[in-house]
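Open the structure in your viewer and keep the selection tool ready. The tour below goes from one selection to the next.

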Amino acid sequence: MGREWAKVRPSFLLSFLAVLLLLPVCAYVGYSAGAKITYAYQRSKSFSSLGRQNSKELRHLGETAYAFELSQVLLRSPEASFQQNISFVQELRPKAPHELWPIIDLRIAQDHAVIARLEQHSNNPAEAARHRQLAQDLLHSLGWGDVSENLLNEMADRQLRARFKR
Amino acid sequence: MTRAMKVGIAIAALVGLAVGGGEGIYQTRWLGGATELVEVISISSAFSDFAVQQFKHADTAHAREAVLLQISVLQRLEPIDHDSHIGCGACMGICAAGDD
């Protein structure tokens, strides 16, 4: 019996180690697969009470609106982030549903106004004027009557206070 | 490696997959409802903010268009089945309370 056990012991230990290693690895694989499949299934059921076509459109609208709103929350440092945010939102625009286009344009205009304000503070009048012009063009297209420098500065200060609690 | 050991390893793999899969499903089952809720909030917030801004600054035609857009989007959201959020945990019962 002792001899038999001595013969089997190394392979028993090896198997025991394999089980110890395999259990968490398989649990992780199972967890990821289970979570992904469940999430995909739940997402496919989102807005399902509105009918197939409507739910598809609203899912798209919701995903884009969420990405768009989130991009504002995730801003951390002023100037570079605003520029990055404009690029991100500009990329988002063609893929977004048409209803969101004016909202995206307004946000881009607001971000240009903020950059113009920041450039103005860092004594860079040429860049400030360029961004101000871009903001004014977008606001004009949205039907804004007053797009004066004062209004843009006020808007930019409000944005900066709200986002960075200055 | 004996046959018993092979079977032991196979059982360990199956148990790992089953336990992990079950936990993944259990922890994610409310996430779809929560995502839907966050999207509804994002949609209504984006359109309301826009309508307010347009109402303050734009000409009448553009302001009217923005408010009508907001109304049409909110009307599309109105028939959402609030019951789908009950028990999802994400809305903390707000959806159900809203029906009272």
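What is the volume of the largest pocket? About 350 Å³, in a predicted model where local features need pLDDT of at least 70, side-chain atom pairs count only at pLDDT 80 or more, and totals for chains, interfaces and linings use all residues. Residues are numbered from 1 along each chain as its sequence is written, chains are lettered from A, and side-chain values use heavy atoms, without hydrogens and water.

Stop 1: Select A:R107, A:Q110, A:Q159, B:D49 and B:Q53, which of the 15 lining residues are the closest to the pocket's centre. A pocket here is an open set of points on a 1 Å grid where a 1.4 Å probe fits, with protein on both sides within 12 Å along at least five of seven lines; lining residues have an atom within 4 Å of a point. The lining is made up of six nonpolar, four polar and five charged residues.

**Stop 2: the interface.** Now colour the two chains separately. The contact (heavy atoms within 4.5 Å) takes 45 residues from chain A and 44 from chain B. Between the chains, about 3800 Å² is buried, and carbon and sulfur atoms give 69% of that area. Buried area is the accessible area (1.4 Å probe) lost on putting two parts together, summed over both.

**Stop 3: a salt bridge.** Select A:R43 and B:E39, whose side chains form a salt bridge at 2.8 Å, N to O. The term means a side-chain nitrogen of Lys or Arg within 4 Å of a carboxyl oxygen of Asp or Glu. The count between the two chains is three.

Note on methods:
Grid points are joined across faces, edges and corners, and a volume is the space filled by probe spheres set on the points. Ala, Val, Leu, Ile, Met, Phe, Trp, Tyr, Cys and Pro count as nonpolar, Asp, Glu, Lys and Arg as charged, and the others, Gly among them, as polar.
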